[in-house]
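Please keep the sequence and the structure in view while reading.

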Amino acid sequence: MTSEQYVIQQLQAFLKKHRIQDITISLQKPKEEQFGDCSTNLAMQLARHLHKKPLDIATEIQQSFRIDLRYISKVEIAGPGFLNFFVANQNLYEQLSHILKIGRQFGRSEQAAGKRAQIEFVSANPTGPLTIGHGRGAVLGDTIARLLQAIGYEVTREYYFNNAGRQMRVLGESVRLRYLELLGQNIEFPGDHYQGQYIIDIARTIYEEFGDRLQKETDLTLFKDRAEQSIFDDIKHTIKRLGFEFDVFFNERSLYEEGKIDAVVQGLREKGLIEEREGATWFLTSKLGFDQDRVFIKSSGEPTYRLPDTAYHVEKIKSGYDLIIDIFGADHIATYPDVLAAVRALGYDVDKIKVLINQFVTLTENGQKVKMSTRKANFITLDELMDEVGVDVTRYFFLMRNMNAHLNFDLSLARKQSDENPVFYIQYAHARIKSIMALAVSKELKWENKARPEMLKAEEEINLIKHLIEFPKAVEGSALNYEPHRLVNYLFDLATLFHKFYTVCRVITEDHEMTLARLNLIDATRIVIANGLELLGISAPEHM
RNA sequence: GCGCCCUUAGCUCAGUUGGAUAGAGCAACUGCCUUCUAAGCAGUGGGUCGGAGGUUCGAAUCCUCCAGGGCGUACCA
């Protein structure tokens, strides 16, 4: 049992004794050390119910609280009626050895065991390399997947794409024109076609294979297919470099082939939510409380994205996932309310679907904003970014901030000062520990299960232990809120506490007992940092 | 106009779901390497939490209004 669990147990006993219900006990971690390790505002909450002064109630609770030195050393009343609890060191030592005992498992839990989650992200159509903008979604998605796995979910990473439609025709035509250029034709390349160098590269491979045999070819299929294949190969390579792979690539086309699209239209039509008008097929969103109707099928006969997206989400729900996560960029904000409305109108429970929107990455270079556009090719690719700063910095950068805040990515800073990136601060703590442990091993020191943890009494040591044992809560909070940056902040704070400890407390000394105790402490720290970085997909280096 | 998001130190951002004296990193300044890695540590300065009301024991956090910025608001995805 942790100290917190003991506190809650005692407080619940108090509530039961006084027959008080409908109160949820909340424990906070005070910012100030003098206010203890955890505190509760229960007395203030109860003041209204019991018609007594908060301070009087606090005193009652304090008097009924049974101090057990295995968990809590003292209880104090402070301020307007806070009850502050101080953790007994004995409990810290027990939890420290618990960390050492379970090692890599520390931080993982089974609370979502048996549940399945699907997370769809990136989902860029194969019209060009992944950009820094996609990178944010990619890293967030993979990390949230890792976090969900850490609390027991079985997770499927899914990439949804569409290789049909107008943009793919433009892509094919772009390649064809570049191919004709290679044949020496004078081509005026349209401004609204894909401008990137990669188009020329693809055209060249076609030229090398076919020579001029495609000169009269007007069917775009071959150009389109070659481009798609080449671009997808690149995308998969980039993803792999980032440190993960998708389990499923879901082609939108399969929804048509299996009749899912028609089923959606039919289903909504039966509900009176479909209408033909001006040659197009409309989804009557206005009947569902929205301000305007939306086109489902254009007068050209091609569906808009809303229709297949709806069919796709119906399929997700039918697959029986307990949790369905979509990660979109901010430019898709307007799309999901209609899609979810359609899914709901078809009678499905959309509560399992969580739509996470990540705000844009604003690129600045030399103080100037860089506008990114795949078509204009003035983007920085994710690969180029990783070439510049490495995978660890790339991932850390995308994870360190709340996803619904804009990410200001200063390219010149990322290039020039990449060794000042905070990720190195965390990795450095790990490398320092490995270095000490290597020295200990060379001195044939064996610390496992032989140390006396009660030797660890210095403020730096106690603070470090207290933070280490918060790790499972940090993982859980990060996972349940889909907020990787919380874990990043936790690890940064942990590194700070370790560096402080390192400066003040020498690990390997003449004092054998103390040496073993501290080796245990840094070993536990190493475990937590490594486990944490693993969840972020960032390496934990032995040397730096 | 409407919808979603953002506004906290000079800059970039945290702030554990309403708690006690609002934090960190950069940038500036001052110290600390004969000892396990100085990619580190200690310290100084820096704030009307965009503004105004409201809710209550208590608000950066919740509600309303206003201002500024971003993204949408397509028979593009």
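Two strands are said to pair if DSSP finds at least two bridges between them, and strands themselves are DSSP runs of E of at least two residues, numbered from the N terminus. The model discussed here is predicted.

With that definition in hand, consider strand β4, which pairs in the antiparallel sense with strand β3 (residues 72-78) over 6 bridges, and in which F86 stands opposite K74. The hairpin of β3 and β4 has 3 residues between the strands, and in this hairpin G79 takes a positive phi near 55 degrees. Strand β2 (residues 38-40) also pairs with β4 in the antiparallel sense, over 3 bridges, and here F85 of β4 is the bridge partner of C38. In a regular strand, side chains alternate between the two faces of the sheet.

Where does RNA strand B meet the protein? There are 64 residues around RNA strand B, and of these K298, Y425, Y428, S435 and N481 come nearest. Sorted by class, the surface near the RNA strand has 24 nonpolar, 24 polar and 16 charged residues. Of the atoms of RNA strand B within 4 Å of the protein, 62% belong to sugar or phosphate, while the rest belong to bases.

| Protein atom | Atom of RNA strand B | Distance |
|---|---|---|
| Y305, polar backbone atom | phosphate oxygen | 3.3 Å |
| N489, polar side-chain atom | sugar or linking oxygen | 2.7 Å |
| C505, backbone N or O atom | base nitrogen | 3.1 Å |

The elements that give two or more residues to the surface near RNA strand B are β4 (82-87), α6 (166-182), β9 (280-283), β10 (294-297), α16 (422-442) and α19 (484-504).

Which residues of helix α10 (residues 260-270) are buried? They are I261, V264, V265, G267 and L268. Seen down the axis of α10, these buried residues fall within an arc of 165 degrees, so they line one face of the helix. The face turned away from the buried side of α10 carries the exposed residues D262 and E270. After α10 comes G272, whose phi is positive, near 75 degrees.

Technical notes. Residues are numbered from 1 along each chain as its sequence is written. Chains are lettered from A and ligands numbered from 1 in the order in which they are written. This is a predicted model: local features need pLDDT of at least 70, side-chain atom pairs count only at pLDDT 80 or more; totals for chains, interfaces and linings use all residues. Side-chain values use heavy atoms; hydrogens and water are left out. A residue is near a molecule or strand if one of its heavy atoms lies within 4 Å of it. A polar contact is a pair of N or O atoms within 3.5 Å; within protein, one must be able to donate a hydrogen and the other to accept it, and residues adjacent in sequence count only if both atoms are side-chain atoms. Helices (H or I, at least four residues) and strands (E, at least two) are DSSP runs, numbered from the N terminus. Ala, Val, Leu, Ile, Met, Phe, Trp, Tyr, Cys and Pro count as nonpolar, Asp, Glu, Lys and Arg as charged, and the others, Gly among them, as polar. Buried means under 20% relative accessible area, exposed over 50%, partly exposed in between (1.4 Å probe, protein chains only). The arc is that of the directions from the helix axis to the C-beta atoms.
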